[in-house]
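Open the structure in your viewer and keep the selection tool at hand. The tour goes from one pair of residues out to the whole chain.

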Amino acid sequence: MNNLPAHPSSFKDPAGFMFVADGIYYRQVNIFGSEDYSLLMSSGLYEKLISKNRLIRHTEIDNIKSEASQWFKTLQPEQLPFISYPYEWSFDQLKDAALLTLTIQKEALNHGMTLKDATPFNVQWLNGKAIFIDTLSFEKHKDGEPWIAYKQFCECFLASLLLMHYRNNELNKLLVSFPNGIPTPIVSSLLPFKTKLNLNLYLHIHLQAKMQKKGADDKQQNKRSLSTTQLVNIIESLRNLIKKLSPVSAKTTWNNYYDETILSNAYLQHKQELAKSFLSAIQFNSLIDLGANKGEFSLLFKDKAAKIVAADFDAACINELYLHIKSQKLNNIFPLVIDLANPSPAIGWANEERNSFWNRVNTDVIMALALIHHLAISFNISFAMMAELFSQKTNYLLIEFVPKHDPKVQQLLSHRKDVFDHYTQTDFEQSFSVYFQVLKKETIQTTDRILYLMKTK
Amino acid sequence: MKIILLYVDPGSTSYLLQVIIAAIVGVAVYFKTIWWRIKSFFYKGDKKETSTEDNTDE
């Protein structure tokens, strides 16, 4: 198999690129990157990183090549169940990805190598943990040289984490607009004054911003060598800074959704029983939980589904879920911060470098519990629009209908005019019956909410 | 060739900045080490917290 096109996200690195053949992702190492790749494999760095599950494992294969004239090797990396992006992660996900990158850079220096880029797009999630996926990011470290990816690390990881720590826990969404990093002059202007009094923070952000604005140029300076110890000190200084960061704490709208009394325990218990019994009748591998909250319902199916994507627009809830997954060592749940009314767009060159959220979703089951009233009433999305979208992405749909007289719906309507004449059970059933057949249907105890299991027609 | 190798923009100021940071952080590490020595002299039973290896991604 020859001359397969490079993946649209993989065009920057002359050392190689990703390509897809028969649904499998491969990485070609070009002749240009052969020395660095060989050093990665022979220096012991690859083995060291693999043994700690920090770098994606790969096997070398011979029978599939992409661009033959450049070809040195083809690698088949361990395949990832789901691709997500840093603007979809919660605070602690991004923090762990940052610390992983620093740990890898330190390990690389110990083996005479260095990371030539430090973007969070090089980190993905496998078995519940952050893993570095770009095998070709490593190059030989030349004595005395600085860390070439230092600026990128500061602008991608550190900048987002600081804004999430000092300002708002959703500010990593700025990475949609600044996928190559939020320029330090912008970050510096957005951070509070007190951050100038923190030495590490001052050096890595404010001083950097100042020097960039001033346009200081290395060429005018006498080059001084940076020893490996000095480079490690810089990494440690970044690590110390990042380790102390935590997301802005705030009681959000939804992180007490199931704790608060308006929805009783009996309701929750019955809903869990129904969800389990409805889904016990069908076979599925993948499940996506839309409006997952803290993942209460995703977790019910952790032993049944191979892959569970738990998406919610509340960053605090998703962060809690991530910390839970991490502490329990769960390996098949992917927590994501997604606003369904405005999910991640396709970005980058030709809008093809990073895929949109829905383009990455193809699942056996969609779970939409206590969700549709938010989409319908807060965002004016009709049942027909929801039914059409869901039907394109799933075989089965577990969905909860929340009637208009429900206290939660009344709460949503309390500050706006009720223009939702079509928000009725009949209209709901009619809209969804265009695309789905109802397999099961039952009222959830202590409420008039109804749980449906549907199958795509 | 240099241009291709530097396909990630290191920033025109990055080298100088890293030299400055390395110098300042180096001084901080130096004094920290002295401080730990003094501390461990008086509190011989206490363990020195030298481990900087990050375990959050273990």
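The model you are looking at is predicted.

In general, strands of a sheet pair through backbone hydrogen bonds, either parallel or antiparallel.

Seven strands of chain A form an open sheet, in the order S11-S10-S9-S12-S13-S15-S14, with mixed pairing. At the edges are S11 and S14 (436-443) of chain A, each of which pairs on one side only. Ignoring direction, neighbouring strands of this sheet are turned by 15° against each other on average.

Which helix packs on the sheet, touching S10 and S11 of chain A? Select residues 315-328 of chain A, helix H11. H11(A) makes that contact, and its direction is at about 160° to that of S11(A). From first C-alpha to last, the 14 residues of H11(A) reach 20 Å. Its buried residues include A:Leu321, A:Tyr322 and A:Ile325. Among the elements covering the buried residues of H11(A) is helix H3 (91-110) of chain A. Step just past the end of H11(A) to A:Lys329, which has a positive phi of about 55°.

Finally, zoom out. Chain A has 15 helices and 15 strands. Of its 457 residues, 44% count as buried. Its C-alpha atoms fill a box of roughly 75 × 60 × 40 Å along the principal axes.

Conventions: Residues are numbered from 1 along each chain as its sequence is written. Chains are lettered from A and ligands numbered from 1 in the order in which they are written. This is a predicted model: local features need pLDDT of at least 70, side-chain atom pairs count only at pLDDT 80 or more; totals for chains, interfaces and linings use all residues. Helices (H or I, at least four residues) and strands (E, at least two) are DSSP runs, numbered from the N terminus. The expected span of a helix is 1.5 Å times one less than its number of residues. A residue is buried if 20 or more other C-beta atoms lie within 10 Å of its own, exposed if 12 or fewer, and partly exposed in between; C-beta atoms are placed from the backbone. Two residues are in contact if their C-beta atoms, placed from the backbone, lie within 7 Å. Two strands pair if DSSP finds at least two bridges between them. Axes are lines fitted to C-alpha atoms, for helices over the stretch in contact, and angles run from 0 to 180 degrees between N-to-C directions.
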